[in-house]
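These exercises are to be worked with the sequence and the 3D structure at hand. Try each task before reading its solution.

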Amino acid sequence: MSLHVVGAGVAGLAAALEAAARGHAVTLHEATGFAGGRARALPDGGDNGTHVLLGANTAALDFLEVIGARHRWIEPEPEGLPVFDLEAGRLRQVALDPRRWRDPARRPPGLTGAGLLAVLRAGLPFQGGTVEQAFRAHPEFLRGFVEPLVLAALNTPVAEAGLAWLGPVLRRLAWPGAGRLLVARDGLGPDLVQPALAALGRHGVRLRLGHRLRGIERQGGRATALVFGDGTLPLDRRTAAILALPPWEAARLLPGLPVPALHASILNLHFSHASGVAAPRFLGLLGGASQWMLVRPDAVAVTISAAACRTGEAVAPLVWAELRRAALAADLPGPWPEEAPPCRLVREQRATPLHGVARIGPPRLRPLRHLALAGDWMAPRLPATLEAAVRSGRRAAQAFGQA
Ligand SMILES: Cc1cc2nc3c(=O)[nH]c(=O)nc-3n(C[C@H](O)[C@H](O)[C@H](O)COP(=O)(O)OP(=O)(O)OC[C@H]3O[C@@H](n4cnc5c(N)ncnc54)[C@H](O)[C@@H]3O)c2cc1C
């Protein structure tokens, strides 16, 4: 059959590839002039924001394998994540894999037997309340391990983050190899988006950039046409659509669709700085404005998740001072001058849904006949990430079976 995938973010790319591999004739429609969506390269080649994958993200890693880009994602800190505590002025290595916590040199700060029990409890299904409530009795462990993990995985402050969202993350981290942390060696353009587009090209997928879906015509329980600025595409038994859109856009096109209402932003600061590292390095920071820093040979990117209160250019010198201290403590090569180098700020206002306590499940995969939904918010039981985006895209394509 003919499948029209709308939205060329990671969910749409995965949906298009899966559908094409199943023998469908696929057209991918994207409103903007570029693919990648919230995981994209900017016009100057830099990333909109650092993206990290874990070994637990099996669908995302498999997608990279299929598009021939798995080898381009590397593990910058195989010995454990260096974490610099700005308040204590101390650097330590922390393993994400709980099996490695037997080694005191890789153990998260403040981990006790009771703290470990709290982790096990938090990993059980059907847990209610916030993450902060669950770890309140273990403040050092909360600050030094749980909070950074929750900010990275849920993009939500611990005081608001729902334990029900953290559970699946913890359960997946228990698998062997799940705690390996990977980053794109050269960036999201060369290591994700371009290889994905090349793979789609090999499968004969037609890409239409600058082609925004304006509306959907429907009759009863059927979607009958996709409405674009330059015409209408009828939908029927032999022609169907996958909407791989962010929740607010899906709700605009399908009024009444239950979608996440609240979102959280992510602020990334990109410093032009020739550090002299030969390969990417990745460090965590505690107790400051900055949370993660990715040091590439010619740039340093700092991530501030759930970044509602961080504003404007004024944050750049503060962040530079923090990352400079961490870089010196970790003995990273290169000069680290006191004065901040040129910096570009990229704030993604609606980076992900807020993963709070009031949790509504995603809507039906196929709310109308001839139409399925995808997107990072559509993966059942997973927080909105690349993994969820890939899973949702594949699931939507599978809903239309083999050609
Ligand atoms: C700064 C930042 C850092 C992040 N870090 C991580 C990380 O470290 N690890 C991780 O796993 N995840 C991370 N994420 C989350 C991850 O980027 C998203 O979960 C994922 O990219 C969402 O993909 P998607 O395809 O569901 O949605 P999107 O990427 O939003 O794709 C939707 C696409 O649809 C297009 N579109 C919208 N409306 C229309 C229309 N009407 N017609 C046609 N096209 C339309 C959009 O332009 C877009 O290209 C991060 C996100 C951000 C913003």
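**Exercise 1**

In which loop is the place of Asn 155?

Solution. The model is predicted.

Step 1. Asn 155 sits in the loop between H5 and helix H6 (163–173).

Step 2. Its phi is near 50°, a positive value in a residue other than glycine.

Step 3. The cut-off for buried is under 20% relative accessible area. Asn 155 has 2%, so it is buried.

Step 4. Phe 126 lies in the loop between H3 and helix H4 (131–135). Phi of Phe 126 is near 60°, again a positive value in a residue other than glycine.

Step 5. The cut-off for exposed is over 50%. The relative accessible area of Phe 126 is 84%, so this residue is exposed.

**Exercise 2**

Find the order of the strands in the seven-stranded sheet, and name the strands at its edges.

Solution. 

Step 1. The order is E6-E5-E14-E15-E16-E13-E17, and the sheet is open.

Step 2. Strand E6 (90–94) and strand E17 (343–353) each pair on one side only, and these two are the edge strands.

Step 3. On average, neighbouring strands of this sheet are turned by 25° against each other, with direction ignored.

**Exercise 3**

The pairing in this sheet is mixed.

Solution. 

Step 1. Recall the general point: strands of a sheet pair through backbone hydrogen bonds, either parallel or antiparallel.

Step 2. Strand E5 (residues 81–85) and strand E14 (residues 281–286) run parallel and are joined by three bridges. Here Val 83 has Gly 284 in E14 as its bridge partner.

Step 3. E13 and E16 pair in the antiparallel sense, over seven bridges. Phe 271 is partnered by Val 300 in E16.

Step 4. E15 and E16 also run antiparallel, with five bridges between them. Arg 296 has Ala 299 in E16 as its partner. These two strands form a hairpin, with two residues between them.

Step 5. Now check the burial of E16: six of its seven residues are buried, and the strand is mostly covered.

**Exercise 4**

Solution. 

Step 1. Helix H5 (residues 139–154) lies across E5, E6, E14, strand E15 (292–296), strand E16 (299–305) and E17. The helix runs at about 120° to E14.

Step 2. Helix H9 (residues 315–329) packs on the sheet and touches E5, E6, strand E13 (263–272), E14, E15, E16 and E17. The direction of H9 makes about 70° with that of E13.

**Exercise 5**

Classify the ring pair of Trp 101 and Phe 145, then the ring pair of Phe 135 and Phe 141.

Solution. 

Step 1. A pair of aromatic rings is described by the distance of the centres and the angle of the planes. Centres must lie within 6.5 Å, and planes over 60 degrees apart count as edge-to-face.

Step 2. For Trp 101 and Phe 145 the centres are 5.1 Å apart and the planes are at 85°, an edge-to-face pair. Trp 101 lies in the loop between E6 and helix H3 (113–122) and Phe 145 in helix H5, so the pair ties together parts that are 44 residues apart in sequence.

Step 3. Check burial: Trp 101 is buried at 6% relative accessible area, and Phe 145 is buried at 7%.

Step 4. The ring centres of Phe 135 and Phe 141 are 6.1 Å apart with planes at 65°, so this pair is edge-to-face. Phe 135 is buried at 0%, and Phe 141 is buried at 0%.

Step 5. Trp 101, Phe 135, Phe 141 and Phe 145 form one aromatic cluster. The count of aromatic pairs comes to seven.

**Exercise 6**

Solution. 

Step 1. Strand E1 (residues 2–6) and E2 pair in the parallel sense over five bridges. Leu 3 stands opposite Val 26 in E2.

Step 2. In strand E2 (residues 25–29), four of the five residues are buried, so the strand is largely enclosed by the rest of the structure.

Key. Residues numbered from 1 in each chain as written. Predicted model: local features only at pLDDT ≥ 70, side-chain atom pairs only at ≥ 80, totals over all residues. Heavy atoms only, no water. Pairing = 2+ DSSP bridges. Axes fitted to C-alpha atoms, helices over the stretch in contact; angles between N-to-C directions. Contact = heavy atoms within 4.5 Å. Phe/Tyr/Trp six-rings, centres within 6.5 Å; stacked < 30°, edge-to-face > 60°. Buried < 20%, exposed > 50% of the residue type's maximum accessible area, 1.4 Å probe, protein only.
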